Amino acid sequence: MPENSRPEKIWALILAAGRGSRLAAAIGGLSKQFLCWRGVPLYWHAARTMSRSAVVDGVVFVFPPEHCAAEEETLHARDDLGLPWLTTAGGALRQDSVRLGLAALPRETRYVLVHDAARPFLGPALTRRICEALRRGASAVVPGLPVTDTIKLVDNGLVTATLPRARLAAVQTPQGFDLNLLRQAHRHAQEAGLTVTDDAALMEAQGHDVHIVPGEAANVKITNPEDLALLAGGQTMPRPCTGMGYDVHRYGPGRPLKLGGVPIPDGPEVVAHSDGDVLLHALMDALLGCAGLGDIGRHFPDNQARFEGISSAILLDQVLEMLYGAGVTLCHADLTIVAQTPRLSPFREEIRKNVARLLGLDKAHVNLKATTEEGLGFTGRAEGIKAYAVVSALTGAAPSFSASIPSPDL
Ligand code: MG
């Protein structure tokens, strides 16, 4: 059933209101849910996973009251969750934050998933497992893993009992609930002054069955300073990226043919607003592709007088500046020119060397091919020329997601 036609909506609460005192000292007083990992705060990862699961209809983020306005602004600027979302201010205890989050849910919500922002590694399959169990009629569903350690009850430094390991489960979030029943359970807990560490315990106290589905070993909670090692890889590892570019120019009265910044004497002229260097145009589009920055038409529109007749080498330089600004380091370019005429082999090495120079790359990392299309199509009829470029690069440290929150020094 399409997502928006499901009658009974499932929303998720992402709890990001805690102070994380066990970790705060290790990360300069920052609350762990605001740690920047892979370019976005920890709390954003679980929300993305919920969105990818295709079974969650919306998300409520619960933040510390003093962070609420700033985070809401950042989320609006980001605007890439693909789900409706709201923010609300949390309370002193986790339990208070859940109660306040439940109060913020839209009226049509039937089921709710309660998730800790400090568990960024959950997978969409786990989210789906919980939602399916709710839709099959369960009132409360928690993910659990078998316990591998032997667990003892301890009193005053003395073991008083050994618990039967086969009957124990280590329970994670997200935990899924029938919303009305969870609201009632929270009301009762507030009246009775009952304090618990997860919502399932409140449902147990009300006599509701709590069902267990298999949890995920990777779905750990970032709790202690040593857990930061789990984030270190994503924080520092450069990631490869690839860009592809393509361009065509028609032969006709206009600009003398230039390829990769190299004039081709006696070649046909090309129709163009700029200098018509088809190879550098394809290359610039590939570079912009690496950085997710659109295409050259967006940056250098061909209806603007200031780009008339401009050397493409100047435009390329501006594109490279944009790439550096985006933290992208260029590695390699593979280029192909397709033309029936002129013959390009006499110029190939010079073009290759010039492109390497313009890119600031070793010549070994620029490859240039020239081919015909065997007399077929518009290049075959010598009506024009085309070029393809594929560029690989590394993205370094991602730009900070929120200027208001310093990126921790891990
Ligand atoms: Mg062009």
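How many of the residues of strand β1 (residues 9-15) are buried? In this predicted model, 7 of its 7 residues are buried, and the strand is mostly covered. The cover extends to both faces of β1. Lys9, Trp11, Leu13 and Leu15 are buried on one side. Ile10, Ala12 and Ile14 are buried on the other. In a regular strand the side chains alternate between the two faces of the sheet.

Strand β1 pairs with two strands, β6 and β4. The pairing with β6 (residues 109-116) is parallel and runs over 7 bridges. Here leucine 13 stands opposite valine 114. The pairing with β4 (residues 58-63) is also parallel, with 5 bridges. Tryptophan 11 stands opposite glycine 58 of that strand.

The largest nonpolar core holds 48 residues. Leu259, Leu283, Leu287 and Leu359 touch the most other members. Two or more residues come from each of β13 (239-255), α9 (278-290), α11 (312-325), β16 (328-338), α12 (348-359), β17 (366-371) and β18 (384-395). Helix α9 contributes the most, with 10 residues. Leucine 283 has contacts with Leu316, Ala333, Leu335, Val355, Leu359, Ala389 and Val391, leaving aside residues up to four places away in sequence. A second core is separate and contains 41 residues, among them Val55, Val59, Ala138 and Leu231.

Helix α12 has 12 residues. From its first C-alpha to its last it reaches 17 Å, close to the 16 Å expected at 1.5 Å a residue. Its buried residues are Ile351, Asn354, Val355, Ala356, Leu358 and Leu359. The elements covering them include β14 (258-259), β15 (262-263), α9, α11, β16 and β17. Glycine 360 follows the helix, with a positive phi near 70°.

A magnesium ion is coordinated by Asp247 through OD, His249 through NE2 and His281 through ND1. The distances are 2.1 to 2.3 Å. In sequence the donor residues follow the spacing D-x1-H-x31-H. Aspartate 247 lies in strand β13 and histidine 281 in helix α9, so the pair ties together parts that are 34 residues apart in sequence. Aspartate 247 is buried, at 17% relative accessible area. Histidine 281 is buried as well, at 7%.

The disulfide count is 0. Cysteine 68 takes part in none, as the nearest cysteine sulfur, that of cysteine 36, is 20 Å away. Cysteine 68 is buried, with 12% relative accessibility. What separates cysteine 290 from a bond? Its sulfur lies 4.3 Å from the closest cysteine sulfur, in cysteine 241, and that is too far. The cut-off for a disulfide is a sulfur pair within 2.5 Å. Cysteine 290 is also buried, at 7% relative accessibility.

Valine 220 sits in the loop between β12 (211-214) and α8 (229-236). This residue is partly exposed, with a relative accessible area of 32%. Its C-alpha is separated by 8.0 Å from that of leucine 122, although the two residues are 98 apart along the chain. Valine 220 touches Ala118, Arg119, Pro120, Phe121 and Leu230, not counting residues up to four places away in sequence.

Backbone geometry was examined at several loop positions. A cis peptide bond joins threonine 173 to proline 174, with omega about 10°. Proline 174 belongs to the loop between β10 (169-171) and β11 (175-178). The bond from threonine 341 to proline 342 is cis too, with omega near 0°. Proline 342 falls in the loop between β16 and α12.

Positive phi values occur at residues other than glycine. Asparagine 156 has a phi of about 55°. This residue lies in the loop between β8 (152-155) and β9 (158-162) and is exposed, at 78% relative accessibility. Glutamate 374 has a positive phi near 55°. Its place is in the loop between β17 and α13 (377-380). Glutamate 374 is exposed, with a relative accessible area of 69%.

How values were computed. Residues are numbered from 1 along each chain as its sequence is written. This is a predicted model: local features need pLDDT of at least 70, side-chain atom pairs count only at pLDDT 80 or more; totals for chains, interfaces and linings use all residues. Side-chain values use heavy atoms; hydrogens and water are left out. A nonpolar core is a set of buried Ala, Val, Leu, Ile, Met, Phe, Trp, Tyr and Cys residues joined through side-chain atoms within 4.5 Å. Buried means under 20% relative accessible area, exposed over 50%, partly exposed in between (1.4 Å probe, protein chains only). Helices (H or I, at least four residues) and strands (E, at least two) are DSSP runs, numbered from the N terminus. Contact means heavy atoms within 4.5 Å. Donors are N, O and S atoms within 2.8 Å of the metal (3.2 Å for Na, K and Ca); water is not among the atoms, so sites may look incomplete. Two strands pair if DSSP finds at least two bridges between them. The expected span of a helix is 1.5 Å times one less than its number of residues.
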